[in-house]
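Please read the following report alongside the sequence and the structure, which are shown here.

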Amino acid sequence: MLHVSSMAVTIDRRRGGPVRPVREATLAVEPGRTLALVGESGCGKSMTCLAIGGLLPRRARISAGQVMFDGQDLAALPPEAAQQVRRRHIASVFQDATGGLNPVRTIGWQVAEAVRLRAGATRAEAAREAVRLLGRVGLPDPETRAREYPHQFSGGMNQRAMIALAVAGNPRLLIADEATTALDVTLQAQILDLIGDLRDSLGMAVLFVTHDLGLVAQSAEDVAVMYAGRVVETAPVADLFAAPRHPYTRGLLSALPRNAAPEARLATIDGVVPPIDELPAGCAFAPRCLQATDLCRATDPALERGLACHHGATSDPRKEEAPA
Amino acid sequence: MLWFLTKTLRAVITMWLVVTFVFFVLRLSGDPTMMLLPDDIDEATRDFYRRLWGLDRPIMVQYWSYLGALLQGDFGISFRNNLDAFGLVWDRVPKTALLTGTALLISLAIGIPLGIVAAFYRDSWLDRGVMAVSVFGFSMPNFFLGILLILVFSLNLRVLPSSGSGTWAHLIMPAATLGVSFAAQFARYTRSSMIDVLNKSYMRTARSKGAGPVRRVNLHALPNAAIPVVTILGFKVGELLGGAVITETVFAWPGIGRLLTNSVAARDLAVVQCIMILLALTMVLANTITDLAYGWLDPRVRVGAKAGAR
């Protein structure tokens, strides 16, 4: 349903010329399935989401590639028409739910507004629907809670309210950008369950963004790994965990605590993510990659069969251990 | 209820401090008989007036008798024309209320929309233009702007009267003089408050719902941006009254401000004290109204977090 191919996002800075936080994002999500988009902070995950959701900040724009949604290219449609499609079918949930809700409006008002804008209901219908949705996302006593304000809610309750607001009017794609990151572990599991439950009952596609690989296994069917503005590997979750192909993915997996031997130091990937305006010439991961060759340093590999790495065909991941 | 009592008590203490301060400072500033009576008058006549006005008594005795009279609603007698001081002042209240009220309305009606537009199109030429005009607006002193307007519209163009208060045409220049700097300030406050709010993540949520720009500004941003602006509005009432004193003098507008200047110059103690008390009372009221408006605008003040919610 959503097929993003080679999308780039450019920010025209007021000083210092344009930068591209997203250089090549290629991913696909289907109804009833969840795609996890993983990567370190600053790798372009959020920009990718904002671009798909039509929420890019000022001066930022989709500068290349396609965002196909149900056969329509949102990047090529006139802005008005693209916004129309997004308003009707694409919803987003962000990390900071409490900050994401308007402090001077009641929870009920905010959810009802989403119902009205997305589904075009009357005021009374929308208010009833808002209460139903708040109950659906697991808020106790939704009737009363709808009349309260965000500051009267806990963080977890606000995230539930945000989800109610997002699924109002049955969108077909839900983008959850670090939606559970700010919550404690038990709440995190509850919110993940809720999103999965809603996805199944509403038949939504979910794009789940996280920097936490641990969450990926329990919440998604497919994974896309992003590094320095590029999707470098996409695979079904099971395959990715069993046989990571990109050296960066392998590094990420070996850095997970549960993969480390007891008492051993956690593995890390040496070096840092290069800033987006100082990317090396070839593969952006080459400076940190133990397998890097002259070819890697000279040309950026294209994404082929779910992998953007020059070693794709030759290296067998099971033979090589990630750097410890 | 407790809130109301605390507020009232605080207001009473404020008023008492103002009365006391004004009372002593005015008496320390010199002998009213020197200002009010002709220079060549003999000392016996002077003494007669001092006794008549009660100025011969020890200052503390004067103070207590003034306070006592005040509590019964007696503000004393004007030395200049033997009329009840409160009556004199009260007659001028409508004129000053008209002038400051009009100026405030003008400044809000101009300043707030300009601030909103500047914030929404920030860093554009429109924003820069509005901000440049606003710097000009609030750095121009009241008296100077007033005189400038008189020069242009009364002397050169001869379209507006330069003094008095008989018709609506008389109101235009004084209200504009007083309003311009406030319009400029409100534009700035509104702009910065709006920019702050527009960057909040709930504005992105509004966008993600598909709310258009007008809806986002009016229903999502403004109710939040209004909170700090209203707070400032309360403080500005004092400045507005201060500005009125100057503006009324420049345009010979027969309000409290001009009465105050004249009475201070003549050491007409009862009248000056009465005006000061009224001004202080206005300030206290304005601050109370601000507090109430604040609670009304901000649910975080109105409804505290419930014990159940973490």
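Which residue is the bridge partner of A:Thr34 in E8(A)? The bridge partner of A:Thr34 there is A:Val206.

## Basis

This is a predicted model, in which local features need pLDDT of at least 70, side-chain atom pairs count only at pLDDT 80 or more, and totals for chains, interfaces and linings use all residues. Residues are numbered from 1 along each chain as its sequence is written, and chains are lettered from A, with ligands numbered from 1, in the order in which they are written.

## Strand E3 of chain A

Strand E3 (residues 34-38) of chain A pairs in the parallel sense with strand E8 (residues 205-210) of chain A over 5 bridges, and with strand E9 (residues 222-227) of chain A over 4 bridges, where A:Val38 has A:Val225 as its bridge partner. Strands pair if DSSP finds at least two bridges between them.

Of the 5 residues of E3(A), 5 are buried, that is, with 20 or more other C-beta atoms, placed from the backbone, within 10 Å of their own. A:Thr34, A:Ala36 and A:Val38 point one way from E3(A), while A:Leu35 and A:Leu37 point the other way.

## Helices H5 and H7 of chain A

The contact (C-beta atoms, placed from the backbone, within 7 Å) involves A:Leu133, A:Leu134 and A:Arg136 of H5(A) together with A:Ala161, A:Ala164 and A:Val167 of H7(A).

Terms used. Two residues are in contact if their C-beta atoms, placed from the backbone, lie within 7 Å. Helices (H or I, at least four residues) and strands (E, at least two) are DSSP runs, numbered from the N terminus. A residue is buried if 20 or more other C-beta atoms lie within 10 Å of its own, exposed if 12 or fewer, and partly exposed in between; C-beta atoms are placed from the backbone.
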